[in-house]
Every structure is written in C-alpha cells, then in structure tokens.
Amino acid sequence: MIELNPHYAELKDSYLFYHIAQKTKAYCEAHPGTHLYRMGIGDVSLPLAPAVIEALHAAVDDQAHPATFHGYLPECGAPFFREAAAGHYRSRGIALSDDEVFVSSGASDELGDILDLFSPVSAALIPEPAYPAYVDANVMAGRRIVHLPSCEENGFLPSPDDLPAGEDADLFYLCSPNNPTGAVFSRDQLRAWVDCANRRGAVILFDAAYEAFIEDEDLPRSIFEIDGARTCAIEICSFSKTAGFTGTRCGYTVIPKELERGGQSLHAMWVRNRTTKTNGVSYILQKAGAAVFTDEGQRQIQDNIRVYKENAKTLMRALDSLGLWYTGGKNAPYIWLKCPGGMGSWEFFDLLLEKIQVVGTPGAGFGACGEGYFRFSTFGSPEDTKEAAARMEKLLGKA
Ligand code: MLT
C-alpha cells in the first residue's frame, strides 16, 4: 500500500483561519440573520484600483483577438511584469535586475513552494507569534522547527542575540511589518539578522506582504535596503494586501543572483523549479499586477490603504479609551492587543463573538507566546470597524 506523508499527523487538526471560519459559521447558523463584524482574517474589503480594473479588461480583450492573443508565457514571469516590479524597486534606490523578480500566485503559495530549495534536514527558525502557514508548511515538509518566542519586552521583535546558544537553525523567517503583531524591524535590527545569516550561511525568507503600510520613512520596506542582504535573503511579496488582490491572486518573489550556498545559485535553482513545476501566472493577472506599479496604480492603492489606516485609528482610539495595551496599527494593518483582565485569547474570542458579534483572531493561534493576546485586522469596511469599536467600548468599558 502507498505510504503517505507521515508529517501530516503532526499538524494541528485544522488551520487557524479555517477553524475560526467554522466557529463563526456555527454561530451564524445558531443565530440566523446576525451580522458579524469581521476583523479576523486579513481579507480586504475595498475593490481593486481603477488602473487594475482597466488593465484586466484590456488584457481580456487582448486574449479575444488573434493578433494580441497570448498562450504560454515565460514561467518565471512575463518580461513586462518583471520589468515593472524591478523598476519599482529601482525607483526606491534598490538595484535589482528584471530577471531577479519571479511572478507568483501570491505570498502564501510561494512561502510553501520555496521550501523545495532547502533540504529537509535544514532547520527553520520561526520567530513567534507567527503566521501559522510558516509552521504548517515546514511540519508538512518534515523540517525541524526552532520556535523563537518574542514578547512585549522586546517589542515582539526578537534579535539574533535571543537565539539559544548552540542553536543551528539555518532558514530564518522574518516578517516585517509583522503578521500578527504589526511590529516593524528598524534598519539596525534587520542588519543584525542579515549579518547573522551571512555569518552562518543561513538564508532569510523575508515576508514583505505588508511593506506598503509603512509610513515612517526611516523604517525599511525591503530587506534589500540592508547591505549584505543580496547574499542571504529571498523576499516574498504579494499584491493581496497592498492592492486588494486576495481574491485575484498575484505576487512576486525576489531572489538575487549573488545568493549561493554550497556553490549552488538559489536563483538558478528557482528557475529550474519554476520551469518544471508551473506554467507561470496568467497573462491577464500579470497585466493586472503590472498596473499596480504604474504611477496611477500606486496613487490609487494608496487611497485604499488610507481607508484601512483610518480603520486602524478608529480601533486604536477605542483601545486607548479602554486602557488596553497594543502594538501595530501605525505601520501595519494589524493591531495586536493584550486581552483585558488576563483573559485567555480564545476566551476573549468567544466573548467578543457572543456578546457583540465581533470576530478577531486569538493570539494563541500564532504560537504559544501569543496566548493572552488578540489580533484585529483593519481591512474591514469603515462602517463595520466603527460599529465594532463602539460595541467593544460599550462592552469592555463596563467591565
Ligand atoms: C492573515 O489574516 O493572517 C492573512 O490574511 C492570511 C493570509 O494572508 O493567508
């Protein structure tokens, strides 16, 4: 009989956001007609930017005529897409060649697929709390995981000095702005990780899905703003949160040509991987993605991001008035708060769902050190966010 991957047995029964969706579905079935204020999964509520919509329509029309029709595209990305993405980096002073950009279907797909480059005997270092897919993808691959807890004292931004002595993990996951805490590494903090990775021969997987939310100019938006990153880092980017592509699916990954380990180029390995395992991303979606990088596209996505930032302010005002500790919200679309009165994070989840129909994400779902904390996404509609904040103030203000 065929032998199955034994590591699936080591996974939690269900994925965090699936589990929350099941819980909220059960609540809605028990309370028909209830409106939920959804601030759990980071799913956007605003439509795509007009420049993107225009590009989508034009690309569909191209596919309708023999003269403009496209069949297979280069697996690693259409030249127009790679040029637009690399040009975006170059306009921010980061030197990058077009073919160092690889198109993808989004960050979550890519974060799992990229593990093909590494031996299962490498060990993943996952600072926690963490996006649970980092952990699950490595469990599925049978890789050893070193959980590096962070806490309020280090601002939920651990440094290489926090590594236990003798720890030899060599695949570092860094996410900044962070999901779930919203904390952002400074240049010096990121430099410490880059230096550590280069010293050890480790590789950093830098999840930059939330970079567009950074408003403080002295905070790095790309790991390639840090000297030395080209020899140790892969950057994984997504249009999901920056440009509302959660239901559209397109992203990109940057692998510098200098990144080599054991005499092998990770860039060349990824070309080999992509040309074998995918036929790339559709022409239509790459056109939509490229439109995000136009001046118009950039202006329009900022209009949407401003709406989400207003949501963050609404929630932060409520938390301030309740005297609750939190981080994030300013340079990130997530707010990470301490549950009131020492409550457990699932206990707080149930309270908000049952009493005021507000859905958030329990911190414990992001790792053990997230217990006692809670995450709000700011991607909901302004109306729902205002109502959720008002309900929370009323409920918790009485406590
Ligand atoms: C989240 O809520 O953490 C993200 O939206 C999940 C994802 O990007 O897959």
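A crossing of two helices is left-handed if the near helix is turned anticlockwise from the far one by less than a right angle, and right-handed if clockwise. The crossing of H2 and H8 in this predicted model is right-handed. Helices here are DSSP runs of H or I with at least four residues, numbered from the N terminus.

Some ground rules. Residues are numbered from 1 along each chain as its sequence is written, and side-chain values use heavy atoms, with hydrogens and water left out. As the model is predicted, local features need pLDDT of at least 70 and side-chain atom pairs count only at pLDDT 80 or more, while totals for chains, interfaces and linings use all residues.

Back to the pair. The axes of H2 (residues 50-62) and H8 (residues 283-292) come within 8 Å and cross at roughly 150°; axes are lines fitted to C-alpha atoms over the stretch in contact, with angles from 0 to 180 degrees between N-to-C directions. That makes the two helices roughly antiparallel, a label for angles over 145. The contact residues divide into 12 nonpolar, no polar and two charged, where Asp, Glu, Lys and Arg count as charged, Ala, Val, Leu, Ile, Met, Phe, Trp, Tyr, Cys and Pro as nonpolar, and the others, Gly among them, as polar.

Next, composition elsewhere. The lining of the largest pocket divides into 14 nonpolar, eight polar and six charged residues; a pocket is an open set of points on a 1 Å grid, where a 1.4 Å probe fits, with protein on both sides within 12 Å along at least five of seven lines, and lining residues have an atom within 4 Å of a point. H4 gives the most to that lining, with five residues.

Note on methods: Angles under 35 degrees count as roughly parallel, over 145 as roughly antiparallel, 65 to 115 as roughly perpendicular and the rest as oblique.
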